[in-house]
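Let's walk through this structure together, from the overall layout down to single residues. Have the model open beside you as you read.

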Amino acid sequence: MAAPPLLLLAALLLLLPAAARPAPARVFSVADYGAAGDGSRYDTAAIQAAVDACAAAGGGRVLLPAPGDYLTATVRLRSGVVLDVAPGARLLG
């Protein structure tokens, strides 16, 4: 009897060296970079700093945590960076 394809895939993944396995996505909160999230002050610099740090680390998620209203001007997203606006948070442009 042949092993189910999913079982074979799981067995192969276990055999891969750790360096070949995808790393878990890192999370970079804009609050850690100084974002106020009050809707009246610009958080552009904090958002851009989080995006740049995320890209420099090889990618991941940039989180705008809730609650918060994050006022921003132009932000340049980079390859491998996902902008994650949490439920209860808003990105205001």
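A residue is called buried here when its relative accessible area is under 20%, exposed when it is over 50%, and partly exposed in between, using a 1.4 Å probe and protein chains only. What you are looking at is a predicted model, in which local features need pLDDT of at least 70 and side-chain atom pairs count only at pLDDT 80 or more, while totals for chains, interfaces and linings use all residues. Residues are numbered from 1 along each chain as its sequence is written, and side-chain values use heavy atoms, with hydrogens and water left out.

Let's begin with the overall layout. The chain has 2 helices and 6 strands; helices (H or I, at least four residues) and strands (E, at least two) are DSSP runs, numbered from the N terminus. Followed along the sequence, they give the pattern α-β-β-α-β-β-β-β. Of the 93 residues, 28% count as buried. The accessible surface comes to about 6100 Å², with 64% of it belonging to carbon and sulfur atoms; such areas come from the Shrake-Rupley method with a 1.4 Å probe, and for residues only the protein chains shown count as cover. As for contacts, meaning heavy atoms within 4.5 Å, residues 24 or more positions apart account for 50% of those with a separation of 6 or more.

Now to the strands. Two strands pair if DSSP finds at least two bridges between them. Strand β1 (residues 26-29) pairs with β3 over 4 bridges, and Phe28 has Val62 in β3 as its bridge partner. On to the other pairing: β3 and β5 (residues 81-85) are joined by 5 bridges, among them the one between Arg61 and Val82. Gly60 stands opposite Val81 in β5. How enclosed is β3? With 4 of its 5 residues buried, β3 is largely enclosed by the rest of the structure.

Next comes helix α2. Its 13 residues should span 18 Å at 1.5 Å a residue, and its end C-alpha atoms are 18 Å apart, which agrees; the expected span is 1.5 Å times one less than the number of residues. Which residues of α2 are buried? They are Thr44, Ala46, Ile47, Gln48, Ala50, Val51, Cys54 and Ala55. An α-helix has 3.6 residues a turn, so residues three or four places apart point the same way. The buried residues of α2 pack against β1, β2, β3, β4, β5 and β6. Just after the helix, Gly58 takes a positive phi of about 100°.

What does the interior look like? A nonpolar core is a set of buried Ala, Val, Leu, Ile, Met, Phe, Trp, Tyr and Cys residues joined through side-chain atoms within 4.5 Å. The largest one has 14 residues, and Val30, Val62, Tyr70 and Val81 have the most contacts inside it. Both α2 (44-56) and β3 supply at least two residues of this core, with α2 giving the most, 6 residues. Beyond its neighbours within four places in sequence, Val81 touches Val51, Cys54, Ala55, Gly60 and Val62.

Finally, take a look at Pro65, in the loop between β3 (60-64) and β4 (68-71). Leaving aside neighbours within four places in sequence, Pro65 is in contact with Ser29, Val30, Ala31, Tyr70, Ala86 and Ala89. Pro65 and Ser29 are 36 residues apart along the chain, yet their C-alpha atoms are separated by 7.0 Å. Ser29 itself lies in strand β1 and, at 12% relative accessibility, counts as buried. Apart from neighbours within four places in sequence, Ser29 is in contact with Leu63 and Pro65.
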